[in-house]
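Subject: Handover of a structure and notes on it

Dear colleague,

Please find the structure below, followed by an account of what was found in it. I would be grateful if you read the notes with the model open beside them.

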Amino acid sequence: MSPSSDLLRRPFKRPLLSDQQRRRDLSLKRQEQSRDSQLHARRVSSALLSLPLEPGASSTEYYSDLHLASEVASKILKGGLEGRKWFQKQLMLPEWMIDVPRRLPQDWFVLARPAGERCLVVSYGGTTVSRRRNGTVLHRFPSALSDGCCRTKAQPSCSILDCIFHEMDQTYYVIDMLCWRDYSLYDCTAEFRFFWLKSKLAETRVCDPPSYYHRYRFSLVPRYTCDLTALHTAYTGAVPYVKDGLMFYNKHAHYQPGITPLALVWKDQNCSKYVVDTNNEGKVPSHQQIVLELQRDGKVTTSDNPPVVFGCLGLDLIQKLGTLQSPYLLRFAIGDGGLTIVDGKLERADLHYLGKSNRARAFADSYSKIMFQSMVRGSSLKIDDLIAAISSSDDGANGPDVEMMDGKKALWKRSVWIVPHSIGSAHHLLLLMTFGSYYILRRIDTFEGANDLPLQPGTADIFFWYISRLLS
Amino acid sequence: MALEVTQVLLNAQAIEGTVRKQAEESLKQFQEQDLPLFLLSLSRELANEEKPVESRKLAGLILKNALDAKEQHRKSDLVQRWLALDPSAKTQIKMCLLQTLSSLVADARSTTSQVIAKVAGIELPQKQWPELIGSLLSNIHQLPPHVKQATLETLGYLCEEVSPEVVDQDHVNKILTAVVQGMNASEGSNEVRLAATQALYNALGFAQANFSNDMERDYIMRVVCEATLSPELKIRLAAFECLVAISSTYYDKLAPYIQDIFNITAKAVREDQEPVALQAIEFWSSVCDEEIDIMEDYGGDFTGDSDIPCFYFIKQALPALVPMLLETLLKQEEDQDQDEGAWNIAMAGGTCLCLVARTVGDDIVPLVMPFIEENITKPEWRQREAATYAFGSILEGPSADKLTPIVNVALTFMLSALTKDPNNQVKDTTAWTLGRIFEFLHGSTVDAPIITPANCQQTITVLLQSMKDVPNVAEKACGALYFLAQGYEDVGSSSPLAPFFQEIVQSLITVTHREDAGESRLRTAAYEALNEVVRCSTEETASMVLQLVPVIMIELHKTLEIQGLASDERERQSELQGLLCGCLQVIIQKLGSSESTKYVFLQYADQIMGLFLRVFACRSATVHEEAMLAIGALAYATGPEFAKYMPEFYKYLEMGLQNFEEYQICAVTVGVVGDISRALEDKILPYCDGIMTQLLRDLSSNQLHRSVKPPIFSCFGDIALAIGENFEKYLIYAMPMLQSAAEMSARTAGADDELTEYTNSLRNGILEAYSGIFQGFKNSPKTQLLIAYAPHILQFLDSIYMGKDMDDVVMKTAIGVLGDLADTLGSHAGSLIQQSMSSREFLNECLSSEDLLIKESAEWAKLAISRAISV
């Protein structure tokens, strides 16, 4: 009955600091995250493969039947729209470069973007499907990707590639890799994904010419750390495809679905035929045209997360619009009043309503695209600005860039929100991968000296990756 | 047999082993052969005044143990057996027990009190033995003191055993009246007064109604306060224990008495003997606990809700309370820091001061600072130590704005004291204070950093230097380093600790090799600090973490080489192996989390796994938890390659899953099954029969701690995802289990917070199992096997939605299951889904959720459903 023994407090000076409990908790957290990540990957591949199939070219026809559709057909369509809305959230979309990021030569890759349609290519269950950015199917075909044709069907496994389909040579140019033989690369840095992409594609026959079991050729888009030479090569160098601007990838960024400032696109007349947006007749309209999404409260916004508000529609106009299909996308022209920017923030936009957007559009323009297009019409970011940024960046290459780190920290927090399944390794984003040359040389010694240690394929890959980093 | 009982009972306490064993054996046989007669014989033995006290005491003890056990499943078993006993035997036993309360032998009475309470604990909730309380109280006033004492003691135990709702208010009133009268100063016998005061402690929980009545409460409080002034130490102690219990049970009723209680406690703290003074301090610690809880419920912004309002007693008492506590700090015992079990007035006072600081925040700082300034440089060590302790105590609670300027000044002083102070106790407290500075005022959440490039090197140098000091000081220095490292947890790519990484690691390893590292848990503290340093390290020191792998491996190898140890040495060896496996686990997880380091690290995988298997082999019956945790991390890092370790590892996996007693080990092993499923995928198939059998056995066991059951369900999901349609053969076992667990979770909802939390973790486990099974069967011709389960699963989702007590995790998982069900079953489940509430209201609620994870799951569900119902 004496309570004193049970009630005895643990003195604060001797807290029962249990590192063991911490180890248990961290293990549980890791297990929980792997489980979520695995389920997420399954759901993505399931959705990618079983979205309603409509032959690529006839998509407009498909939508034109909208008003005549029977109840069943409208359900299919609903499924299609749902699917597309969901799908658009799975692709990493670059922002348009409206100012040059810091540490370009240290932290970024550059590549010459092939002209064509951005799509995700998924191989699974004995077939390969490519889907456009809006979720519609481009091709369904056999390929040499893992489990990508019925002949190779042995062990179900899934690969997902981020590609651009280049019409002229009927080739899928691979720009990123999300999943390779069930191994998810979402949580890996761009630097590692590209390394993996290069070495894994080389191990397979996917880059071979087309054959019966491999209908389309795949090809790797070369990319380089963005120094002056690399920028020059990407900008002017010959490539086997039609160029459409340059793409920049932050080396430390994870694959982050949605619009991200850690991947950028830039164009000018020299490296792209499509710098300024054209209208349906292929002509450049006199005023910049943009597509915005109408929100419930009457605001019209970009597709960013969070969306940027460009203006607010009057009630009369909203009523005039009548019923709209979700998403409510509207086309506007930017009038002579242009865009008023104060302290880097959009203050006012001179919007003129043009009409509803094309039904095939899945989402509004992004803020950076609108700004880039606006700049292209006026004072755009020139190749010289990029060169200047690289040259000046060299000076500061040695010291850590505090502001850059702050920026990344902010981004990190954002990416945690956007890519929830990668919280566990989100710190990758922050890592600068500064393995010193001392370490690399040490490893070479070790490998040479220790003949009894067999080099596993994976290890060799990593090892050469280090070496290539060291030399580059 | 009855005649022999006395001798057997005496023999069972014999010094000689063989005699004792034989007696124990025959008692056991007797119990198994004829339980009613066995219990009756024991109660007669207990009641018989002619028997020796030793046999009577043991008879009572065995009776008690036949009615109650610590383990829940054994306890309910014993309860059932008692209830099933022949009623006439029970009546006779109870008569014997009540009769024994009048025994002249104190030990017999005391044992009997406990046995009666145990019987009451079983019977009163069943509405049996209704006359017990009445008969105990019937003529309490006329009883001789020793019987009165035994009766009050019985009432006390009884209140401890049964819950208040099974005793009606009339009986409660009578019990309290008897107890309070027994406590009264007019009671002549100190034994009676003590028994009454101790009984009140247990009866307080029954007094809800009485404490709501001002007159009754005033009376009870007056009696308790008077008892705190009794000349008898034990009575004062028991009375203060009552005050402590009242402060937490009836916090909201304290206001009229708080001033008097302050006077009483202050006097006791300053003048009374230590046990009483400790309880007096405990009163204020307990009030702090209450107010901290209430303010946590308020949620800082005062928009939250708490059932009980905060009366801010601590804030009001502060000007008098703080000086009282500061005085206690000067009453240290010599070498108290080297005695693990030490608890004295200085420690209790310091602990209370910490709680006061957390309760009132900034307000405490100006009250404590003069004491610190006055004492910290005094020649007497007690004053320096007390000042340092006071400073360390107020570091949690007050705002960083308030503390940072003070800490900036104090840091240099503390670092110098840690190296220069001649007294070990001062150094111990100084190192502890530094640790608290780093814990609460250093890290990415703090705006103005305490550790700057200017003082970082000096700080580390001092801490590493201190690790060579006496064990208790070195242990605190390791603890300080732990928090220093933790503060750089999300520092980014470059850590200020990186330049010192090598030196820190070397110093810590050196500490673990100290001959006296076994004292003051120094070795453990050094490994814990090492773990934290590794966890919070950045890519720039990855190469050094890699170099640490063979170092720790060699340490682990060394522990395995020693043969033929005595049992206490074996225990120490096992503890050391635990520390080393823990350290390897941290390193594996660190290196495995980055693709670049993982592949280099995997060079060591075979050797490390070999060591872990040898650690397992050191024990015969149980598996080593730390090694198991580390293997989970290794499986995660190796992926499918782990298959080659399975043939040898499997038996330990099974052993871990069978460990009901040490449920932590079972829980950890269940987690490792998940890791292995994800790593091996379908290569785990050959082991699944064994694993699933064991998991199902775990689930049906009532011995296994309930907290392990939700993760087992999640584990079903992991296995199903790994082996896909091969899970078919387990469906007929797993699905009914999931179904009944789902039904249970629907029933238990809405009880207290703890149960709600458990219910949610159970729901989450069940839902993860369903998700895994659906996704595992996706695209298989055997999907139709799942259709039969769909109605129940949808009902389960509806019931969760209607329950309104799910947390965000359950919401996310539940809506994900809806998507998975629609995705896998497609049109087969279309109409079912359309009829379910989950597909409409629940889904809409999730779609408009603020939580992005829930929203993401909901969007997936929406997509999957739209497909399922369109085809």
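A salt bridge is a side-chain nitrogen of Lys or Arg within 4 Å of a carboxyl oxygen of Asp or Glu. Before this term is applied, please note that the model is predicted, so that local features need pLDDT of at least 70 and side-chain atom pairs count only at pLDDT 80 or more, while totals for chains, interfaces and linings use all residues. Residues are numbered from 1 along each chain as its sequence is written, chains are lettered from A and ligands numbered from 1 in the order in which they are written, and side-chain values use heavy atoms, with hydrogens and water left out.

Salt bridges

How many salt bridges are there over all chains? By the rule above, the count comes to 61. One of them is formed by the side chains of A:R30 and B:D675, at 2.4 Å from N to O. This pair joins two chains, because A:R30 lies in helix 2 (residues 19–50) of chain A and B:D675 in helix 33 (residues 663–680) of chain B. Helices (H or I, at least four residues) and strands (E, at least two) are DSSP runs, numbered from the N terminus. Both A:R30 and B:D675 are buried. Here buried means under 20% relative accessible area, exposed means over 50%, and partly exposed lies in between (1.4 Å probe, protein chains only). The areas themselves come from the Shrake-Rupley method with a 1.4 Å probe, and for residues only the protein chains shown count as cover.

A:R30 and B:D675 also belong to a network of salt bridges, in which they are linked with A:E32, A:R35, B:R678, B:D718 and B:E768.

A second pair is found within chain A: A:K200 and A:E203 form a salt bridge with their closest N and O atoms 3.2 Å apart. These two residues are separated by about one helical turn, because they are three residues apart in helix 6 (residues 190–203) of chain A.

B:D823 is buried at 6% relative accessibility, and B:K778 is buried at 16%.

A patch of negative charge

On the surface, B:D293, B:E296, B:D297, B:D307, B:D752, B:D753, B:E754, B:E757, B:D807 and B:D808 gather in a patch of negative charge. The elements that give two or more residues to it are helix 16 (274–298) and helix 37 (753–777) of chain B. Patches are made of residues with over 30% relative accessible area and no salt bridge; like charges are joined within 9 Å, and nonpolar side chains (Val, Leu, Ile, Met, Phe, Trp, Tyr) within 5 Å. Lys and Arg count as positive and Asp and Glu as negative, while His and the chain ends are not counted. The place of a charge is taken as NZ of Lys, CZ of Arg, CG of Asp or CD of Glu.

B:D807 is partly exposed, with a relative accessible area of 33%.

Cysteines

A disulfide is a covalent bond between the sulfur atoms of two cysteines; it is counted here when the two sulfur atoms are within 2.5 Å. The structure holds zero disulfides over all chains. B:C456 is buried, with a relative accessible area of 7%. For B:C618, the closest cysteine sulfur is in B:C581, 9.7 Å away, again too far for a bond. B:C618 is partly exposed at 33%.

Positive phi values

Most residues other than glycine have a negative phi. B:W129, which is not a glycine, has a positive phi of about 55 degrees. B:W129 is in the loop between helix 7 (106–123) and helix 8 (132–137) of chain B, and is buried at 5% relative accessibility. B:Y312 likewise has a positive phi, near 50 degrees. B:Y312 lies in the loop between helix 16 and helix 17 (313–329) of chain B, and is partly exposed at 29%.

Yours sincerely
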